[in-house]
Amino acid sequence: IKTITDRWMASDAKLAAGMATPQSKECSDEERRRRRTLLLLKLSTFLSTLQHTVMLQTEPMLVKQLYNNDVALGTRALANTQGLVGLLGLLLNQTGGKLSDALGRKPFLLLGPLGNIVLGAMVVRSYRSRSLVLFCRVLRMVITAFSNTVMVQAAMADTCSGRDLAVAGSQIGAVVGLSMVV
């Protein structure tokens with residue numbers, strides 16, 4: 001006997017792949033598009049959270065090395081950059097949300113993953129530069145939070161409402177939990 005989760009994942013994967021099932025023939029094109037969009041948002045959230053979790057584990061070690069293994073100085077730098085991320089997030093999330101209303105969600109959903117690739121490459125290339133590593137940390141955290149929370153929430157609200165939005169939000173929460181365990 002299949003569980004509800006198994007059915008949900010199987011039907012979402014088939015819809016995203018464009019494969020028809022007896023149940024999907026009854027679905028309208030709009031419903032297929034909605035399910036595919038939600039599956040892609042779940043996949044994006046999974047990958048983004050996975051990437052963010054990996055960085056949370058390795059970044060403190062790099063910062064500690066940049067401060068000659070002085071834990072107090074490294075921790076202070078991490079705390080200060082985290083405060084700056086919060087402040088910038090307050091300003092940029094509002095502005096970016098309004099901008100995405102005008103320009104569409106897709107470019108802003110891509111901003112996080114593409115920005116992480118570029119910023120990660122910069123850190124790998126210049127890992128001994130304190131200022132560059134900390135700048136990249138701030139920028140990476142701001143764009144990851146923006147593209148993975150603000151944009152995903154907005155795209156979900158564009159796609160569904162009411163009970164369906166609540167269910168999609170719960171599923172996104174489950175995806176985040178799963179990505180942290182992996």
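## Close-up views of a predicted helical model

Figure 1. Leu84, Leu87, Leu90, Leu91 and Leu92 together make a nonpolar surface patch of about 500 Å². The model shown here and in the following views is a predicted one. Leu90, one of the patch residues, belongs to helix α4, which covers residues 71–103. With a relative accessible area of 62%, Leu90 is exposed.

**Figure 2. Overall fold.** The protein contains seven helices and zero strands. Along the sequence, the elements follow the pattern α-α-α-α-α-α-α. Of the 182 residues in the protein, 34% are buried.

Figure 3. Side chains of opposite charge can pair when their charged atoms come close. A search of the whole structure finds eight salt bridges, and one of them joins Arg32 to Asp29, with the closest N and O atoms 2.8 Å apart. The two residues are three positions apart in helix α3 (residues 29–66), so about one helical turn separates Arg32 from Asp29. Arg32 is partly exposed, at 29% relative accessibility, whereas Asp29 is exposed, with a relative accessible area of 60%. Glu31, Arg34 and Arg35 are also linked in a network of salt bridges.

Figure 4. The side chains of Glu59 and Arg140 form a salt bridge with an N to O distance of 2.7 Å. This pair links distant parts of the chain, since Glu59 lies in helix α3 and Arg140 in helix α6 (residues 130–159), 81 residues apart. Both Glu59 and Arg140 are buried.

Figure 5. Arg105 and Asp158 meet through their side chains in a salt bridge of 2.7 Å, N to O.

Figure 6. A disulfide is a covalent bond between the sulfur atoms of two cysteines. For this model, the count of disulfides comes to zero, with a pair of cysteine sulfur atoms required to lie within 2.5 Å. Cys136 is buried, with a relative accessible area of 1%. Cys160 is likewise buried, at 6% relative accessibility.

**Figure 7. Length, bend and buried residues of helix α3.** At 1.5 Å a residue, the 38 residues of α3 should span 56 Å, and the end C-alpha atoms of the helix are 54 Å apart, which agrees. The helix bends by about 30° at Thr58, and the proline Pro60 follows within four residues. Buried residues in α3 include Arg34, Leu38, Leu41, Lys42, Thr45 and Ser48. Further along α3, Thr49, Thr53, Glu59, Leu62, Val63 and Leu66 are buried too. Just after the helix, Asn68 takes a positive phi of about 55°.

**Figure 8. Length, kink and buried residues of helix α5.** The 20 residues of α5 should span 28 Å at 1.5 Å a residue, and the 29 Å between the end C-alpha atoms agrees with this value. A kink of about 30° lies at Gly112, shortly before the proline Pro113. Gly112 is one of the buried residues of α5. Phe108, Leu109, Gly115, Asn116, Leu119 and Val123 are buried in this helix as well.

**Figure 9. Residue pairs separated in sequence.** Gly83 is located in helix α4 and is partly exposed, with a relative accessible area of 44%. Between Gly83 and Val138, the separation is 55 residues in sequence and 9.3 Å in space, C-alpha to C-alpha. A second pair involves Arg33, a residue of helix α3. Arg33 is partly exposed, at 44% relative accessibility. Arg33 and Thr159 are 126 residues apart in sequence, and their C-alpha atoms are 8.8 Å apart in space.

Note on methods
Residues are numbered from 1 along each chain as its sequence is written. This is a predicted model: local features need pLDDT of at least 70, side-chain atom pairs count only at pLDDT 80 or more; totals for chains, interfaces and linings use all residues. Side-chain values use heavy atoms; hydrogens and water are left out. Patches are made of residues with over 30% relative accessible area and no salt bridge: like charges are joined within 9 Å, nonpolar side chains (Val, Leu, Ile, Met, Phe, Trp, Tyr) within 5 Å. Accessible areas come from the Shrake-Rupley method with a 1.4 Å probe; for residues, only the protein chains shown count as cover. A salt bridge is a side-chain nitrogen of Lys or Arg within 4 Å of a carboxyl oxygen of Asp or Glu. Buried means under 20% relative accessible area, exposed over 50%, partly exposed in between (1.4 Å probe, protein chains only). The expected span of a helix is 1.5 Å times one less than its number of residues. The bend at a residue is the angle between axes fitted to the seven residues ending there and the seven starting there.
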